Amino acid sequence: MREYLRKIRKQAGFTQTQAATKLRISQNHLSNIETGARQSEIKLSTLMCLAKCYGVPLTALIKAETEYQNEAKGGLKK
């Protein structure tokens, strides 16, 4: 997920600072999200803003975040 966020930000033509300004968050906060330094889940409202800002479907970000969280928690229990 985190690498995906960097990739789509760059594809949208934004630097981290530009994207953070557009998202109305600090550049440090966006950096923490992209590097995975923030271990908590990304809020749905943040995912919605990222999708709109980067021009990608919200469902793609939700899927990527869900997969990231499952990996971070050791995978789905069956």
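1. Leu44, Met48 and Ile62 make up a nonpolar patch on the surface, and their accessible area together is about 270 Å². Patches are built from residues with over 30% relative accessible area and no salt bridge; nonpolar side chains (Val, Leu, Ile, Met, Phe, Trp, Tyr) are joined within 5 Å, like charges within 9 Å. The areas come from the Shrake-Rupley method with a 1.4 Å probe, and for residues only the protein chains shown count as cover. Leu44 belongs to helix 4. Helices are DSSP runs (H or I, at least four residues), as are strands (E, at least two), numbered from the N terminus.

2. This is a predicted model: local features need pLDDT of at least 70, side-chain atom pairs count only at pLDDT 80 or more, and totals for chains, interfaces and linings use all residues. Residues are numbered from 1 along each chain as its sequence is written, and side-chain values use heavy atoms, with hydrogens and water left out.

3. The pLDDT score is the predictor's confidence in each residue, from 0 to 100. The chain has a mean pLDDT of 86, with 91% of its residues at 70 or more. Confidence is highest in helix 2, at 95, and lowest in helix 5 (residues 58-72), at a mean of 85. Where pLDDT is low, the predicted coordinates should not be read in detail.

4. Ser45 is also placed in helix 4. Its relative accessibility is 44%, so Ser45 counts as partly exposed. The cut-offs are under 20% relative accessible area for buried, over 50% for exposed, and partly exposed in between (1.4 Å probe, protein chains only). Ser45 and Ile62 are 17 residues apart along the chain, and 11 Å separates their C-alpha atoms.

5. There are two salt bridges, a salt bridge being a side-chain nitrogen of Lys or Arg within 4 Å of a carboxyl oxygen of Asp or Glu. One of them joins the side chains of Glu3 and Arg6 (2.7 Å, N to O). Glu3 and Arg6 are three residues apart in helix 1, so about one helical turn separates them. Glu3 is exposed at a relative accessible area of 51%, while Arg6 is partly exposed at 23%.

6. A salt bridge also forms between Glu34 and Arg9, whose closest N and O atoms are 2.7 Å apart. Because Glu34 lies in helix 3 and Arg9 in helix 1, the pair ties together parts that are 25 residues apart in sequence. Glu34 has a relative accessible area of 1% and is therefore buried; Arg9, at 7%, is buried. The side chains of Glu34 and Arg9 also make a polar contact (2.7 Å). A polar contact is a pair of N or O atoms within 3.5 Å; within protein, one must be able to donate a hydrogen and the other to accept it, and residues adjacent in sequence count only if both atoms are side-chain atoms.

7. The count of aromatic pairs is one. Phe14 and Tyr54 form this tilted pair, at 6.3 Å centre to centre and with 40 degrees between the planes. Phe14 sits in the loop between helix 1 (2-11) and helix 2 (16-23) and Tyr54 in helix 4 (residues 44-54), so the pair links distant parts of the chain, 40 residues apart. Rings of Phe, Tyr and Trp (its six-membered ring) pair if their centres lie within 6.5 Å; planes under 30 degrees apart are stacked, over 60 edge-to-face, and the rest tilted. Phe14 and Tyr54 are both buried.

8. Arg24 lies in the loop between helix 2 and helix 3. Its phi is near 60 degrees, a positive value in a residue other than glycine. Most residues other than glycine have a negative phi. Arg24 is exposed, at a relative accessible area of 79%.
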